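User: I'd like to learn how to read the features of a model like this one. Please take me through them, general idea and then the case at hand.

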Amino acid sequence: MKKQNGFTLIELVVVIVILGILAVTAAPKFLNLQDDARNSAAQGLKGAMAGAAGIVYGKAAVAGDETVSSGKNVGTIDLVYGYPEASTTGIGNAVDGLSGDNSDWTVVSGATGIGYGFSSSNTDCYVEYQNATSIAAPIIAVKNCN
(Lines give C-alpha, C1' and ligand atoms only; values in the text may rest on other atoms or scores of the structure.)
Protein backbone atom coordinates (compact mmCIF):
# COMPACT_ATOMS: atom_id res chain seq x y z
CA MET A 1 0.00 0.00 0.00
CA LYS A 2 1.30 3.45 -0.98
CA LYS A 3 1.70 6.09 1.76
CA GLN A 4 -0.18 9.37 1.10
CA ASN A 5 2.00 12.50 1.42
CA GLY A 6 -0.46 15.38 1.14
CA PHE A 7 -3.95 16.61 0.36
CA THR A 8 -5.77 15.79 -2.82
CA LEU A 9 -6.99 18.51 -5.13
CA ILE A 10 -10.61 17.77 -4.21
CA GLU A 11 -9.88 18.23 -0.50
CA LEU A 12 -8.24 21.59 -1.15
CA VAL A 13 -11.15 22.78 -3.29
CA VAL A 14 -13.65 21.77 -0.60
CA VAL A 15 -11.71 23.74 2.04
CA ILE A 16 -11.55 26.83 -0.22
CA VAL A 17 -15.31 26.63 -0.90
CA ILE A 18 -16.07 26.37 2.84
CA LEU A 19 -13.83 29.36 3.60
CA GLY A 20 -15.55 31.33 0.82
CA ILE A 21 -18.99 30.60 2.26
CA LEU A 22 -17.86 31.69 5.72
CA ALA A 23 -16.35 34.91 4.31
CA VAL A 24 -19.54 35.79 2.42
CA THR A 25 -21.74 35.33 5.49
CA ALA A 26 -19.40 37.05 7.97
CA ALA A 27 -18.21 40.02 5.88
CA PRO A 28 -21.42 42.10 6.04
CA LYS A 29 -21.39 41.96 9.84
CA PHE A 30 -17.87 43.42 9.94
CA LEU A 31 -18.42 45.96 7.17
CA ASN A 32 -21.25 47.66 9.09
CA LEU A 33 -19.14 48.40 12.19
CA GLN A 34 -18.51 52.05 11.27
CA ASP A 35 -22.23 52.81 11.03
CA ASP A 36 -22.83 51.07 14.35
CA ALA A 37 -20.03 53.08 15.97
CA ARG A 38 -21.47 56.38 14.70
CA ASN A 39 -24.95 55.44 15.88
CA SER A 40 -23.60 54.48 19.32
CA ALA A 41 -21.66 57.74 19.59
CA ALA A 42 -24.79 59.70 18.68
CA GLN A 43 -26.84 57.79 21.27
CA GLY A 44 -24.14 58.58 23.84
CA LEU A 45 -24.28 62.27 22.96
CA LYS A 46 -28.07 62.19 23.29
CA GLY A 47 -27.70 60.80 26.81
CA ALA A 48 -25.06 63.40 27.69
CA MET A 49 -27.36 66.18 26.47
CA ALA A 50 -30.28 64.83 28.50
CA GLY A 51 -28.14 64.56 31.62
CA ALA A 52 -26.67 68.04 31.20
CA ALA A 53 -30.12 69.52 30.57
CA GLY A 54 -31.43 67.93 33.78
CA ILE A 55 -28.53 69.24 35.86
CA VAL A 56 -28.86 72.74 34.41
CA TYR A 57 -32.62 72.70 35.02
CA GLY A 58 -32.00 71.75 38.65
CA LYS A 59 -29.63 74.69 39.09
CA ALA A 60 -32.09 77.04 37.36
CA ALA A 61 -34.95 75.82 39.56
CA VAL A 62 -32.94 76.49 42.70
CA ALA A 63 -32.24 80.01 41.40
CA GLY A 64 -35.93 80.49 40.49
CA ASP A 65 -35.26 80.89 36.76
CA GLU A 66 -37.22 77.91 35.44
CA THR A 67 -40.18 80.00 34.22
CA VAL A 68 -38.17 82.70 32.39
CA SER A 69 -38.41 82.34 28.60
CA SER A 70 -34.98 83.81 27.82
CA GLY A 71 -32.28 86.20 28.98
CA LYS A 72 -31.14 84.19 32.02
CA ASN A 73 -28.12 81.99 32.41
CA VAL A 74 -26.43 79.60 34.80
CA GLY A 75 -22.74 80.42 34.64
CA THR A 76 -21.95 80.49 30.91
CA ILE A 77 -25.04 78.50 29.89
CA ASP A 78 -27.94 80.44 28.33
CA LEU A 79 -31.38 79.28 29.46
CA VAL A 80 -34.85 78.85 27.97
CA TYR A 81 -37.45 77.93 30.60
CA GLY A 82 -34.68 76.67 32.87
CA TYR A 83 -33.14 74.32 30.30
CA PRO A 84 -30.08 75.03 28.14
CA GLU A 85 -30.87 77.04 25.02
CA ALA A 86 -30.53 75.32 21.63
CA SER A 87 -27.30 77.15 20.78
CA THR A 88 -23.56 76.87 21.18
CA THR A 89 -23.82 79.12 24.26
CA GLY A 90 -26.61 76.96 25.70
CA ILE A 91 -26.37 73.20 25.23
CA GLY A 92 -22.95 73.65 23.61
CA ASN A 93 -21.56 75.00 26.89
CA ALA A 94 -23.55 72.58 29.05
CA VAL A 95 -22.10 69.40 27.52
CA ASP A 96 -18.38 69.01 28.00
CA GLY A 97 -16.58 68.33 24.72
CA LEU A 98 -19.12 69.81 22.28
CA SER A 99 -17.19 73.01 21.70
CA GLY A 100 -13.52 73.88 21.45
CA ASP A 101 -10.55 72.79 19.38
CA ASN A 102 -10.55 69.19 20.66
CA SER A 103 -14.19 68.51 19.83
CA ASP A 104 -15.06 65.74 17.37
CA TRP A 105 -18.57 67.17 16.93
CA THR A 106 -19.60 69.86 14.45
CA VAL A 107 -22.73 71.98 14.34
CA VAL A 108 -25.13 70.59 11.72
CA SER A 109 -26.71 73.04 9.32
CA GLY A 110 -30.43 72.77 8.67
CA ALA A 111 -31.34 71.20 12.00
CA THR A 112 -34.35 72.49 13.91
CA GLY A 113 -32.84 74.02 17.04
CA ILE A 114 -29.20 72.92 16.99
CA GLY A 115 -27.66 69.71 15.78
CA TYR A 116 -24.29 68.12 16.47
CA GLY A 117 -22.87 65.51 14.13
CA PHE A 118 -19.73 64.17 12.54
CA SER A 119 -19.89 66.64 9.63
CA SER A 120 -21.70 69.88 8.89
CA SER A 121 -24.02 68.16 6.41
CA ASN A 122 -27.49 67.30 7.70
CA THR A 123 -27.49 64.07 5.67
CA ASP A 124 -25.17 62.34 8.15
CA CYS A 125 -25.98 60.94 11.55
CA TYR A 126 -26.47 63.72 14.12
CA VAL A 127 -28.17 64.61 17.40
CA GLU A 128 -30.77 67.39 17.37
CA TYR A 129 -31.62 69.52 20.42
CA GLN A 130 -34.75 71.71 20.35
CA ASN A 131 -35.59 74.42 22.88
CA ALA A 132 -37.86 73.74 25.82
CA THR A 133 -41.27 75.39 25.88
CA SER A 134 -43.29 76.69 28.80
CA ILE A 135 -45.07 73.33 29.04
CA ALA A 136 -42.47 70.83 27.77
CA ALA A 137 -38.86 69.84 28.29
CA PRO A 138 -36.44 70.11 25.35
CA ILE A 139 -36.64 67.53 22.59
CA ILE A 140 -33.44 65.57 22.02
CA ALA A 141 -33.43 63.16 19.08
CA VAL A 142 -30.95 61.15 17.03
CA LYS A 143 -31.50 61.81 13.30
CA ASN A 144 -30.49 60.00 10.09
CA CYS A 145 -28.80 57.08 11.85
CA ASN A 146 -29.65 53.58 10.73
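Analyst: Start with the salt bridge. Side chains of opposite charge can pair when their charged atoms come close. The rule here asks for a side-chain nitrogen of Lys or Arg within 4 Å of a carboxyl oxygen of Asp or Glu. Glu-128 meets Lys-143 in this way, with the closest N and O atoms 3.7 Å apart. Glu-128 belongs to strand E6 and Lys-143 to strand E7, so the pair ties together parts 15 residues apart in sequence. By this rule the count is one salt bridge.

User: What kind of model is this, and how are its values taken?

Analyst: The model is predicted: local features need pLDDT of at least 70, side-chain atom pairs count only at pLDDT 80 or more, and totals for chains, interfaces and linings use all residues. Residues are numbered from 1 along each chain as its sequence is written, and side-chain values use heavy atoms, with hydrogens and water left out.

User: Is Glu-128 buried or exposed? And Lys-143?

Analyst: Buried means under 20% relative accessible area, exposed over 50%, and partly exposed in between (1.4 Å probe, protein chains only). Glu-128 counts as buried because its relative accessibility is 5%. Lys-143 is partly exposed, at 31%. E6 is mostly covered, with four of its five residues buried.

User: How do I read the sheet around E6?

Analyst: Strands of a sheet pair through backbone hydrogen bonds, either parallel or antiparallel. Strands here are DSSP runs (E, at least two residues), as are helices (H or I, at least four), numbered from the N terminus. Two strands pair if DSSP finds at least two bridges between them. Four strands make an open sheet, ordered E4-E5-E6-E7, with antiparallel pairing. Strands E4 (106-108) and E7 (139-143) are the edges, each pairing on one side only. From one strand to the next, the twist averages 30 degrees.

User: Where is Tyr-81?

Analyst: Tyr-81 sits in the loop between E2 (77-80) and E3 (83-84). It is partly exposed, at 23% relative accessibility. Beyond its neighbours within four places in sequence, Tyr-81 contacts several residues, including Tyr-57, Asp-65, Val-68 and Thr-133. Tyr-81 and Ile-140 are 59 residues apart in sequence and 16 Å apart in space, C-alpha to C-alpha.

Notes
Axes are lines fitted to C-alpha atoms, for helices over the stretch in contact, and angles run from 0 to 180 degrees between N-to-C directions. Contact means heavy atoms within 4.5 Å.
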